[in-house]
Amino acid sequence: MNLTIRMESQSEQSVLYLQGELDAFTAPKLSEQLTPLVQQPSINQVIVDMSNVSYMDSTGIGTIVGALKTAKRSNCDLRIVNVTPRIERLFRITGLSEIIPVEPMEGEEA
Amino acid sequence: MHRRELQEQYEKLLSNFLAGDREAQLYMAQQLSKSLVTQDIAPEDIVDFHIQALEKLVQMPEPVRESFQLLLEMMMEYGNTYRQHNVLRDKQKQLESEIDLAVVMQQTMLPQVLPEFEGVEFGLISVPAKKMSGDYYNILQENDVTFSVAIADIVGKGIPAALCMSMIKYGMDAQYGLTPATRLHHLNIVVEQNIDPSMFVTMLLGNYDTARHSFRYAVAGHEPGFFYRACEQRFYDLEGRGLVLGVLRDAQYPEYELNLEVGDMIVLMTDGVSERKVGMHYLNRQELTNLIQGELAHTAQEIAENLYRRLLLMTNYELPDDHTMIVIRRTK
């Protein structure tokens, strides 16, 4: 399974639309795009849309954690939106949803 | 032996062979072939010996002579590729033996013998998905009545995760007698300072008092375990919140307490146990507790081992992640 990333930017905000699986094989691909993005001085908010991510493992979470640390240093607001209940659970159990905004999919309850 | 001598030897061999002395010459050809390997003679050189010898011994039709050009080219490429392959294989062997050494070292970080306490039994299984494990566990006698339990999953697989395990182990060794929450707090500072930004550690740490049969624990983003209440014959999720280790330096970890009655059981695990895919479907917690329920008549160790086997069978003997499970049961 692969991961495709589509980016849409407008003024100071960028949205990354992910599609596929986020695991040990595909996580580096996200990292390559996400980490430099949160460091860009012209961008102050990065939103990662995960509505089409069917699976994410802990390596995927690791990539988000890495990007979050970089984003904090760069004063960039990083948020995750449209996560499936399964992925939302991962963020909740790891305690990460306390320090990074994670919004479940519309119509889905945590 | 010089190339010229080898050429002459081959020529003699072929001449005798063509003259009818087949058996003996075939045997000698085998021996010569073995010695050529030790003298670093490439396959294409042997083809060249053959062409040179044939030129002298027989009248070759032109198409046959030309066909040897093709064979020579093929053997040359084959020889090159074969030599590269051998170099890679040697490097791989060297790497494997280094990993084997690291595996042995990793084993020394995990407890070889579990403590024994009256009225409590342990079950423990930890199987790495690859050679090196990213799961850490420990059950350690703290004093006459108390033991500590730790289970951790180092996120990020393979060797980096395994190396990080030593940080956890040594960090914990310096924490004798502290409460679970304080230990997690200290470990978090160590991990946060030393780990790669995209790695983190999930962990549950607890102290079990065998005099009161109480279990105090704290959780750092770890997969919730189960608490089995025997009188209700019911499994509960092991409550507990806290951020994974290595992300925020000032993270705080609340403590929780359970009191165990006879037959009650604590089941701790890593996500290699809970995140199991059977066909297209991930096992949910109810299915997992149903499987454990079916093993309750056995000892704690048998519960851990039988569950491992049953999950392996259900997932066609695939183990995608390290599988670690600790069972603690009050027996009297």
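In the predicted model, chain B holds an open sheet of 5 strands in the order β1-β12-β9-β6-β7, with antiparallel pairing, where strands are DSSP runs (E, at least two residues) numbered from the N terminus and two strands pair if DSSP finds at least two bridges between them. The edge strands, β1 (120-127) and β7 (234-237) of chain B, each pair on one side only, and neighbouring strands are turned by 15° against each other on average, direction ignored. Strand β9 (residues 265-269) of chain B is joined by 5 bridges to the antiparallel strand β12 (residues 323-330) of chain B, and B:L268 has B:I326 in β12(B) as its bridge partner.

Helix α8 (residues 285-293) of chain B lies across β6 (226-229), β7, β9 and β12 of chain B, at about 50° to β6(B), whereas helix α9 (residues 300-314) of chain B lies across β1, β9 and β12 of chain B, at about 30° to β1(B). Helices are DSSP runs (H or I, at least four residues), contact means heavy atoms within 4.5 Å, and angles run from 0 to 180 degrees between the N-to-C directions of axes fitted to C-alpha atoms, for helices over the stretch in contact.

The axes of helix α1 (residues 3-18) and helix α2 (residues 22-38) of chain B come within 9 Å and cross at roughly 160°; the two helices are therefore roughly antiparallel to each other (angles over 145 degrees).

Residues are numbered from 1 along each chain as its sequence is written, and chains are lettered from A and ligands numbered from 1 in the order in which they are written. Local features need pLDDT of at least 70 and side-chain atom pairs count only at pLDDT 80 or more, while totals for chains, interfaces and linings use all residues, and side-chain values use heavy atoms, with hydrogens and water left out.

Methods:
Parallel < 35°, antiparallel > 145°, perpendicular 65-115°, else oblique.
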